[in-house]
Amino acid sequence: MHRARERAGDDRLHDAGDCVMAEREAEAAVADTLRRLAVVFADFEQRLEATPLIRKLTRGRFEVADYHAFLINLRQQVKDGALWMSRAASNIGEDHLELRSTLMRHAVTEHRDFRLLEADFTASGGALDDIQSAPKNVGSEALSAWMFHEASKPDPFGLLGAMFVIEGLGSIKARPWGLKVQERLALPDEAVRFLLYHGDNDAEHMKEFEEMLGMVLPDPFVAERIVTTAKVTARLYALQIEEIAA
């Protein structure tokens, strides 16, 4: 009996040790993937800064027409965002139900964000029909097709890389851009709500993103797919901004 208790105790210690090792491996994999994603994002920032529209913003030559073009083209991508997240969630298997739930909550939180862009557009002098009826530009078409393509795959974990790029842009660039637009164009707060809102809230989403990475890592194939998806998304997002006439 005494020996049986000893064996049971040894088994518990062994199991606890395995859990600690697994947690450390997951933490290391998440940290390594985040480092690789940070490199992708740094290149993404440089590409954005080189686009005609953002150059005008940072150099003080931004006009209301530029802001309206920005809002019109961003609306198309934002409107699709909750849709591809919902599709991705529906394709996540039962082995990752927590990730599925997280994506579904995220989609619900953001599915009306495109209305903020419409409100900003009208508050800055635009006509609602102009922003609602505008077609996607070439970059937006490519980005949307790519996101829905990836979201339609079984267990589309690579889309976490896309989320890193898009949410990272919101947490790092949205508020500074919003303040620059507001200062340059002398706009009221209600005309830059989308940028200011995402600048304030997307940092929290980035913390959630790290937790989502922990749900699918360590897995070398998944990590590689996340980074690759981030690279493609960053290129296509930059193309979307590049295509905006400035």
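Me: Which residues line the largest pocket?
Reply: In this predicted model, the lining consists of Glu 150, Lys 153, Pro 154, Asp 155, Pro 156, Phe 157, Gly 158, Asp 219, Phe 221, Val 222 and Arg 225.

Me: How does that lining split by class?
Reply: Five of the residues lining the largest pocket are nonpolar, five are charged and one is polar.

Me: Which helix gives the largest share of it?
Reply: Helix α10, residues 220–242, with three residues of the pocket lining.

Me: And what volume are we talking about?
Reply: The largest pocket holds about 170 Å³ of space.

Me: Take the largest cavity. Which residues lie nearest its centre?
Reply: Gln 77, Val 78, Ile 166, Phe 194 and Tyr 237, out of 24 lining residues.

Me: Which helices supply at least two residues each to that lining?
Reply: α3 (64–90), α4 (97–110), α8 (159–185), α9 (193–216) and α10. The largest share is from α3, which supplies eight residues.

Me: What's the class breakdown there?
Reply: The lining of the largest cavity counts 15 nonpolar residues, five polar and four charged.

Me: Now the second largest cavity. What lines it?
Reply: Gln 76, Gln 77, Asp 80, Trp 84, Lys 136, Ser 140, Leu 143, Ser 144, Met 147 and Ile 166. Gln 77 and Ile 166 are also among the residues nearest the centre of the largest cavity.

Me: Which helices does that lining draw on?
Reply: α3 and α7 (138–151) each supply at least two of its residues. By class, the lining of the second largest cavity has four nonpolar, four polar and two charged residues.

Me: Trp 84 is on that list. What is it in contact with, leaving aside neighbours within four places in sequence?
Reply: Trp 84 is in contact with Met 147, Phe 148, Ala 151, Leu 159, Met 163 and Ile 166. Two of those contacts, Met 147 and Ile 166, line the second largest cavity along with Trp 84.

Me: Switching to packing. Which residues in the largest nonpolar core touch the most other members?
Reply: Phe 44, Tyr 67, Phe 70, Trp 84 and Leu 160, in a core of 74 residues.

Technical notes: Residues are numbered from 1 along each chain as its sequence is written. This is a predicted model: local features need pLDDT of at least 70, side-chain atom pairs count only at pLDDT 80 or more; totals for chains, interfaces and linings use all residues. Side-chain values use heavy atoms; hydrogens and water are left out. On a 1 Å grid over the protein atoms alone, a cavity is a set of points where a 1.4 Å probe fits but cannot get out, and a pocket is an open set with protein on both sides within 12 Å along at least five of seven lines; lining residues have an atom within 4 Å of a point. Grid points are joined across faces, edges and corners, and a volume is the space filled by probe spheres set on the points. Helices (H or I, at least four residues) and strands (E, at least two) are DSSP runs, numbered from the N terminus. Ala, Val, Leu, Ile, Met, Phe, Trp, Tyr, Cys and Pro count as nonpolar, Asp, Glu, Lys and Arg as charged, and the others, Gly among them, as polar. A nonpolar core is a set of buried Ala, Val, Leu, Ile, Met, Phe, Trp, Tyr and Cys residues joined through side-chain atoms within 4.5 Å. Buried means under 20% relative accessible area, exposed over 50%, partly exposed in between (1.4 Å probe, protein chains only). Contact means heavy atoms within 4.5 Å.
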